[in-house]
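Let's learn how the words used for a protein model follow from their cut-offs. Have a look at the structure below, and then we can go through some questions together.

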Amino acid sequence: MIEINTSWYHCGRCGSLFQSPVGEMDDRTCPDCGRNPALGLEIPALESKPIPEAAPQPAHRGERTKHPARKRKRRHLMAKLVIGWSIVILAIVFGARRLWPQESEPVKPAMSQAPAKNAVSEEDVILMNKVAPLCDQTFAHFLAAGSPEERSQFVVAPLATVTRMARFDSLNPLASLDPTGLALAGRAMLHLPDRRAVETQWQAAGGRVLDAVFIEENGEWRLDWEHFARFSDYPWALFLSGSGEDHGEFRLLARERLAEERKNSDTISIVLYAPKFGFSNETGYQSPEFLIKRDTRNGRLLDAAFKLERSGGRVFGVPLSSLNPEGMICVRVKVRRVEEDNLRRFELEEVVACHWYSEDAAGVEIPDLPAAIE
């Protein structure tokens, strides 16, 4: 009988103890799990992680590799980039602080060209809030009315105005305006010498810009129709061509000719233009040149009005921007047409006022004549 040498073994897979002949390990199996006990445990797969790159070793002692030098260059380049971007960011920050100062830095307010007396008072604000809806309602009713008789109930001095409205409309048909298409662009109190008024500016369809003034009359706020329509006794273009009466009162725009070149001259040279309703930056027919003595009332009044326009101010100190073309002023003037020897000329009889309001006050302070030198 052959005696077989056996020995105890431990299964590396299921952990059982078993006896098995001593010999080759490849054919041995565990009686419990039936697998080769020598292959060990199965290790579950782990998440792959990047393996850090090992620093290269020099092949021979004393041999210098180029990789450390390359790393130093990269570090220097990164340092330069960081410094450069820091300088750029600091420059942007300081530049922004100059453009937009912080609240802790006092900012000097920009001064308007208009005189300081144009500042809006608290009393004006309170009154404006009270009467603004009344003015808007008047304007809407006026625009919606069809005939001069209907419109007259919304204008200043209706009994005296209705006849002029009918005659003016027949010679100067105004474009119809839809009140629902108007947008308010500005509003301010207007202090006339003996009356309170409100001046408004509106944007209308077709690029039109309108200004309407409302004057308190008998407890109601009525439209200053003569100002709104730029009323004149007769159309300016027809008057210049020789039609109609040989004299009349007109609401026109005035421009000073060669103001700088003629500042030391004893006369002021002006040209008069018809305004275009709704298009304040455009003008109609122009007159020949008028030469007015500076030492007369007309000359001093025009001189003062042009100086006020150049300073950015408005007559009666109204705190609204002017709608007139640059360098031009509003005037109410009396002009005569003279026909002699088949020649036609025009004389400026009087500058009634330097505005279009239904107000005879000049609108600017007329300087006194200098005292005569003895």
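Q: Why is Glu-339 called partly exposed?
A: Buried means under 20% relative accessible area, exposed means over 50%, and partly exposed is in between (1.4 Å probe, protein chains only). Glu-339 has 46% relative accessibility, so Glu-339 counts as partly exposed. Arg-344, at 41%, is partly exposed too.

Q: What should I know about the model before going on?
A: This is a predicted model, where local features need pLDDT of at least 70 and side-chain atom pairs count only at pLDDT 80 or more, while totals for chains, interfaces and linings use all residues. Residues are numbered from 1 along each chain as its sequence is written, and side-chain values use heavy atoms, with hydrogens and water left out.

Q: What makes the meeting of Glu-339 and Arg-344 a salt bridge?
A: A salt bridge needs a side-chain nitrogen of Lys or Arg within 4 Å of a carboxyl oxygen of Asp or Glu. The N to O distance between Glu-339 and Arg-344 is 2.8 Å, and their side chains meet in a salt bridge. In the whole structure, a search finds 25 salt bridges. Among the residues involved, Arg-164, Glu-226 and Arg-251 are linked in a network.

Q: Why do Glu-217 and Arg-222 count as buried?
A: Glu-217 has 18% relative accessibility, so Glu-217 counts as buried. Arg-222 has 13%, so Arg-222 is buried as well. Their side chains meet in a salt bridge at 3.5 Å, N to O.

Q: What makes Asn-218 exposed?
A: Its relative accessibility is 75%, so Asn-218 counts as exposed. Asn-218 lies in the loop between strand S5 (209–217) and strand S6 (220–223); strands (E, at least two residues) and helices (H or I, at least four) are DSSP runs, numbered from the N terminus. The phi of Asn-218 is positive, near 55°, in a residue other than glycine.

Q: Is Asp-341 buried or exposed?
A: Asp-341 has a relative accessible area of 74%, so Asp-341 is exposed. This residue sits in the loop between S11 and S12, and its phi is positive, about 50°, although Asp-341 is not a glycine.

Q: Why is H7 described as largely enclosed by the rest of the structure?
A: Ten of the 14 residues of H7 are buried, so H7 is largely enclosed. The buried residues include Asn-298, Leu-302 and Phe-306. They pack against strands including S7 (247–256) and S11 (328–340). Asp-303 is buried at 18% and forms a salt bridge with Arg-294, the closest N and O atoms being 3.4 Å apart.

Q: How do you know what span to expect for H7?
A: The expected span of a helix is 1.5 Å times one less than its number of residues. H7 has 14 residues and reaches 20 Å from its first C-alpha to its last, close to the 20 Å expected.

Q: What makes a set of residues a nonpolar core?
A: A nonpolar core consists of buried Ala, Val, Leu, Ile, Met, Phe, Trp, Tyr and Cys residues joined through side-chain atoms within 4.5 Å. The largest one has 41 residues, and those touching the most other members are Trp-236, Ile-270, Leu-272, Leu-302, Val-331 and Val-335. Helix H7 (residues 297–310) gives the largest share of this core, six residues. Apart from it lies another core of 27 residues, among them Phe-139 and Leu-210.

Note on methods: Contact means heavy atoms within 4.5 Å.
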